[in-house]
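Here is a short report on helix packing and on a pocket. Look at the model first, then read on.

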Amino acid sequence: MTKTVLQKLKNKPLSEQVSKAMKKYFAALGDATPANVYEMVMAEVEPELLKAVMKYTNNNQSKAANVLGLNRATLRKKLHRYNIIKKS
């Protein structure tokens, strides 16, 4: 990675956005007790991550799996789960 990319990663803008969003979420709950927060967050974030990586790799699943650090079968399962690709 280039020095600029590494510097940007150190700034962690994504983690800051997640932190802000979670603070807003919990504040909006009031006295309600949250449940399944992990699943809720992953259902919001994971499909967008997969779409972005698929676009970046021109829909090449092998390259996308490599970028994500997943094996191709796991990537395909996730793509099907979120209806990003259809089963053939």
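This is a predicted model: local features need pLDDT of at least 70, side-chain atom pairs count only at pLDDT 80 or more; totals for chains, interfaces and linings use all residues.

## H4 against H5

Two packed helices are described by the angle between their axes and the distance between the axes. Start with helix H4, residues 61-68, and helix H5, residues 72-81. Their axes come within 9 Å and cross at roughly 100°. That angle falls in the range 65 to 115 degrees, so H4 is roughly perpendicular to H5.

H4 brings Gln61, Ser62, Ala64, Ala65 and Leu68 to this contact. H5 answers with Arg72, Leu75, Arg76 and Leu79. By class, the contact of H4 with H5 has five nonpolar, two polar and two charged residues.

## H3 against H4

The axes of H3 and H4 also come within 9 Å. Here the crossing is at roughly 125°, which means that H3 is oblique to H4. The crossing of H3 past H4 is right-handed.

On the H3 side, the contact uses Leu49, Leu50, Val53, Met54 and Tyr56. On the H4 side, the residues are Gln61, Ala64, Val67 and Leu68. Eight of the residues in the contact of H3 with H4 are nonpolar, one is polar and none is charged.

## H3 against H5

H3 packs on H5 too, with axes that come within 10 Å and cross at roughly 115°. H3 passes H5 in a left-handed crossing.

Glu46, Leu50 and Met54 are the H3 residues in this contact. They meet Leu75, Lys78, Leu79 and Arg81 of H5. The contact of H3 with H5 holds four nonpolar and three charged residues, with no polar ones.

## The largest pocket

Which residues line the largest pocket? They are Leu14, Val18, Ala21, Met22, Tyr25, Met40, Val41, Glu44, Val45 and Leu49. The pocket holds about 260 Å³ of space. Helix H2 (13-29) and helix H3 (37-56) are the elements that give two or more residues to the lining.

The lining divides into nine nonpolar residues and one charged residue, with no polar ones.

Methods: Residues are numbered from 1 along each chain as its sequence is written. Side-chain values use heavy atoms; hydrogens and water are left out. Axes are lines fitted to C-alpha atoms, for helices over the stretch in contact, and angles run from 0 to 180 degrees between N-to-C directions. Helices (H or I, at least four residues) and strands (E, at least two) are DSSP runs, numbered from the N terminus. Angles under 35 degrees count as roughly parallel, over 145 as roughly antiparallel, 65 to 115 as roughly perpendicular and the rest as oblique. Contact means heavy atoms within 4.5 Å. Ala, Val, Leu, Ile, Met, Phe, Trp, Tyr, Cys and Pro count as nonpolar, Asp, Glu, Lys and Arg as charged, and the others, Gly among them, as polar. On a 1 Å grid over the protein atoms alone, a cavity is a set of points where a 1.4 Å probe fits but cannot get out, and a pocket is an open set with protein on both sides within 12 Å along at least five of seven lines; lining residues have an atom within 4 Å of a point. Grid points are joined across faces, edges and corners, and a volume is the space filled by probe spheres set on the points. A crossing is left-handed if the near helix is turned anticlockwise from the far one by less than a right angle, and right-handed if clockwise.
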